[in-house]
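I open this notebook page to keep track of what I looked up, entry by entry. The sequence and the structure come before my notes.

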Amino acid sequence: MVGGETGRAQRPSAPSLFDVDSRPWIGTSWKMTKRLLEAVTYAEALAAQAADYSHLTNSFVLPPFPFIDAVARVLRPVGLSVGAQNVHWMSSGPFTGEVSAPMLVDVGASMVAIGHAERREHFGETDHSVRDKVVAALASGLRALVCVGESAAERVTRTEIEYVVRQVKIALDGVSAGDLPGVLIAYEPIWAIGEGSTPASPEQANDMHGEIRRTIVQLFGDVGETTPLLYGGSVTREGAPGLIVQDEIDGLFVGRAAWTVDGFAAIARAVAEYGEHCVEGRHARRVPDQRQEQL
Ligand code: PEP
């Protein structure tokens, strides 16, 4: 493990490799599901209908490592991004079983999820390893989708805001303002993720996104207004429209409900419908008031 409990100095700002693009986001991680044939069949079916929503959304799929190459070959040409579910913080070395950011780039990944709750729970991922992985991803030109979220225990003690804000601050500790456009945050409360859980209400999700937004702006200034904040945790096609219209929610990160092509497409269409209200690539809600009045 590199990095300790103390903060690391921010890297100096350099011109960003990443475009600021605030079309709403919709993506799925397949976690450890599907075999190669299923992966390619899914990708081909998704590609066949991507024209319905790809121009109005930033859509992405995060397959297991072995399928990234095959899926990227199908989805990238139709405007979808493909990424990984994890990455190592070093670019190469004696780390048996691990995969580095440059390797992900080689196989067509353009983004990577970092710090998912399941990695924190089952694989000992910490806020500090998340921070190191974010730095590594950005240095290789991968967008870093940083996953944060509190457990039910923090809700009981009403410390959830403090908990999530701390996660965000540590995760972004090594990021320069110039690299911030490469960062996305997924707020995924642990109590809302997976089988048998219920999603956060749109209000709960929106409130926490507001806290995350305030934190990022406090750390980085105005550029923090453009960091996409995605909600994840038991999103369904029925629940998606109510979530995506929230002021502070810029996208949805979906598990089970998007593991079928129909499920992904239904949610992507809901997000795209909202995307039609975006103006010149910016969410209408982020257009200054005067402009909004003219709309
Ligand atoms: C997730 O695990 O990131 C997730 C959002 O899963 P689900 O939608 O299945 O709750």
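This is a predicted model: local features need pLDDT of at least 70, side-chain atom pairs count only at pLDDT 80 or more; totals for chains, interfaces and linings use all residues.

**Strand pairing**

I then looked up the strands themselves: β1, residues 25-29, runs parallel to β8 and is joined to β8 by four bridges. Strand β7, residues 229-232, also pairs with β8 in the parallel sense, over three bridges, and here I noted that Leu-230 stands opposite Gly-251 of β8.

Next I asked myself: are the two faces of β8 covered or open? In a regular strand the side chains alternate between the two faces of the sheet. For β8, residues 251-254, I found both faces covered, with Gly-251 and Phe-253 buried on one side and Leu-252 and Val-254 buried on the other.

**A buried arginine**

I moved on to Arg-213, which lies in helix α8, residues 202-220. Arg-213 counts as buried because its relative accessibility is 5%, where the cut-off is under 20%. The side chain of Arg-213 reaches the backbone oxygen of Glu-225 at 3.3 Å.

**The ligand**

Which residues are closest to the ligand? I found 13 residues around the ligand, the closest being Lys-31, His-116, Glu-188, Ser-234 and Arg-256. An N or O atom in the side chain of Lys-31 is 2.5 Å from an oxygen atom of the ligand, while for Glu-188 a polar side-chain atom lies 2.6 Å from a ligand oxygen. On its own the ligand has 290 Å² of accessible area, and the protein covers 99% of that area. My last entry is that the space taken by the ligand is the largest cavity.

Definitions and conventions: Residues are numbered from 1 along each chain as its sequence is written. Side-chain values use heavy atoms; hydrogens and water are left out. Buried means under 20% relative accessible area, exposed over 50%, partly exposed in between (1.4 Å probe, protein chains only). Two strands pair if DSSP finds at least two bridges between them. A polar contact is a pair of N or O atoms within 3.5 Å; within protein, one must be able to donate a hydrogen and the other to accept it, and residues adjacent in sequence count only if both atoms are side-chain atoms. A residue is near a molecule or strand if one of its heavy atoms lies within 4 Å of it. Accessible areas come from the Shrake-Rupley method with a 1.4 Å probe; for residues, only the protein chains shown count as cover. On a 1 Å grid over the protein atoms alone, a cavity is a set of points where a 1.4 Å probe fits but cannot get out, and a pocket is an open set with protein on both sides within 12 Å along at least five of seven lines; lining residues have an atom within 4 Å of a point. A molecule sits in a cavity or pocket if more than half of its atoms lie within 2 Å of its grid points.
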